[in-house]
Amino acid sequence: MAAAAAATSTSTTPIRKPSSISPLPISKFTLPFAFNPKKPRSLHISNSRSKPASTSSTTASPATTEKFSFSRFSPDQPRKGADILVEALEREGVKDVFAYPGGASMEIHQALTRSDIIRNVLPRHEQGGVFAAEGYARSSGLPGVCIATSGPGATNLVSGLADALLDSVPLMAITGQVPRRMIGTDAFQETPIVEVTRSITKHNYLVLDVDDIPRIVREAFFLATSGRPGPVLIDIPKDIQQQLAVPNWDVPMKLPGYLSRLPKNPNELHLEQILRLISESKKPVLYVGGGCLNSSEELRRFVELTGIPVASTLMGLGAFPVGDELSLQMLGMHGTVYANYAVDKSDLLLAFGVRFDDRVTGKLESFASRAKIVHIDIDSAEIGKNKQPHVSVCGDVKVALQGINKILESGGAKWKVDFRAWREELNEQKVNNPLSFKTFGEAIPPQYAIQVLEELTDGNAIVSTGVGQHQMWAAQFYKYKRPRQWLTSGGLGAMGFGLPAAIGAAVANPDAIVVDIDGDGSFIMNVQELATIRVENLPVKIMLLNNQHLGMVVQWEDRFYKANRAHTYLGDPSNESEIFPNMLKFADACGIPAARVTRKDDLRAAIKKMLDTPGPYLLDVIVPHQEHVLPMIPSGGAFKDVITEGDGRRKY
């Protein structure tokens, strides 16, 4: 990726003044794809949409960037397109980027060295960079920024972009591209990344005019962070990066269509309709997802006012404190029995900031089949997509909850509700069906390791994970107190996410305890990022639940394939008694202290040492591969099909 792009020129190019136009021929890959070409969906899917406000054809910026008080250049001084790009990032408040250089992006890196504001955290792989940018965004709520070169550098961002789209993460990906005259010629390290990423970004741009950089960057950040957040990609040819120009920072955004489709504030009559349904119900349940992460305070107040129990999706963990008496913890395939029981028996399901994902619903016809459904979501495409609601509000959950709470607080006895009998029924389910795990002699139960970590960190750590069994156990057994503590690849399920995401979280939250709870399969997919952690001296703690297998696939093999092992053993078949690979040597190669623990009695002291050691640390926790994640509702199943017993030591 670091090889310089062929046939590029470093000679000084003509000075460009604002609004000048290049009469360049347009090849098949150079169209400036200004609008996301996904099939448009009808927005009139709810009776709660306010009448759209009229929008003029020329759109002024709806949100002005805070006044930028510093520039390295005088106002009329020409500077390279790469310098314009970097200053545009500075004007958007960017302080950290995750950028890996190459031939088509080296001008951007040269410009970054001239910035006193932006720090580059150098990943050791572009996928590590995009996952780190995601960890930064997920843990802070600010857009994460990653930069890569053309060709393989750009394509290495694909998994991260898809992940950010599915999990609604504000992400800015900037890629170098071959010079404009070479686009479409199969030049060295050329890929049409706008085409490649069209369906996995919220929007993307190919910059064909250096004067467009200020507007495009401004639009891109607005798109990434407004409405339903998501990833935006900007592809910049190398000759644009080298071209001299005087930027015009006052060019307005051109997003009339997008702005006209942004949801308006909900109508109070529709909020009162929701409250009437609540007052008429006997067994209501809140089903909250990632769309509630920015409205945690309003959600907690709503629960305080109504006493309605809360079930969270994997993405919604932390939006409502998991340890609260009204929390049912996680619902879905590996959710608690009592959360899934509550949804199954409910007569009113309040679905806030969720998308009725298959891992939550299972068999759609059986999911909340007794309940009326209220769906509030900012994305109109999600309402009615999988499950048709009885009442829907297309809008910001935060604004809707503020409106509902205001009505409740001012309504007095009119909206008074009492769900004590329902809560007692659910508390009985909690007592009868707690989360539990079996013991394996002196071996360490993986769930116990997470419990000990939760105790020693007092539930305050920022936790990232890879994907698999360890991910589900971390969701079940760590009691998250607040939003943005829990960082995981939910919709895409991308292995290798945990370690680089922890890097991003540590950069965004330098004073926080950041722990990557990982599995050996996921960890090794981005193990090279140990080098980044060491060089940046990031205090990332890695608790590796090492069972020498692809644990979740093994669990399905045990349950549904008669325990036939189909390439799920990750150790050395010629020497199964030894731990392979030796993860401690990876850490040692990068100068990171590490230890291994195999006995349950030694675990607490080992985790305490990990947490007490300054800087990064890797703890290799050897756990039995026979353990299963329970409860489990098989794919496509219903609550009646829930599995609560068994592990890999018995046949099915």
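Student: What makes histidine 567 count as buried or exposed?
Tutor: Its relative accessibility is 77% in this predicted model. The exposed class begins over 50%. The value passes that cut-off, so histidine 567 counts as exposed.

Student: Where does histidine 567 lie?
Tutor: Look in the loop between H21 and H22. Histidine 567 also has a phi near 65°, a positive value in a residue other than glycine.

Student: How do you know whether arginine 484 is buried or exposed?
Tutor: Use the number again. Arginine 484 has 19% relative accessibility. Buried means under 20%, so arginine 484 counts as buried. Find arginine 484 in the loop between helix H17 (469-477) and E17.

Student: What is the strand order in the open sheet?
Tutor: The 6 strands run E17-E16-E18-E19-E21-E20, with parallel pairing.

Student: What makes E17 and E20 stand at the edges?
Tutor: Count partners. Strand E17 (486-487) and strand E20 (594-597) each have a single partner strand, so one side of each has no neighbour in the sheet.

Student: How do you know that strand E18 pairs with strand E19?
Tutor: Pairing needs at least two bridges. There are 6 bridges between E18 (residues 514-519) and E19 (residues 540-546), so these parallel strands pair.

Student: Which residues touch the most other members of the largest nonpolar core?
Tutor: Leu286, Phe302, Leu349, Leu350 and Phe352, out of 55 residues. Take leucine 350. Among the residues it touches, beyond four places away in sequence, are Ile274, Tyr287, Phe302 and Val374. A second, separate core has 48 residues, including Ala133, Leu208, Ile533 and Ile592.

Student: What kind of peptide bond joins phenylalanine 580 and proline 581?
Tutor: A cis bond, with omega about -10°. Most peptide bonds are trans. Proline 581 sits in the loop between helix H21 (551-560) and helix H22 (583-589).

Student: What is omega for the bond that joins leucine 630 and proline 631?
Tutor: About 0°, and this peptide bond is cis too. Proline 631 is in the segment after strand E21 (617-622).

Note on methods:
Residues are numbered from 1 along each chain as its sequence is written. This is a predicted model: local features need pLDDT of at least 70, side-chain atom pairs count only at pLDDT 80 or more; totals for chains, interfaces and linings use all residues. Side-chain values use heavy atoms; hydrogens and water are left out. Helices (H or I, at least four residues) and strands (E, at least two) are DSSP runs, numbered from the N terminus. A nonpolar core is a set of buried Ala, Val, Leu, Ile, Met, Phe, Trp, Tyr and Cys residues joined through side-chain atoms within 4.5 Å. Buried means under 20% relative accessible area, exposed over 50%, partly exposed in between (1.4 Å probe, protein chains only). Contact means heavy atoms within 4.5 Å.
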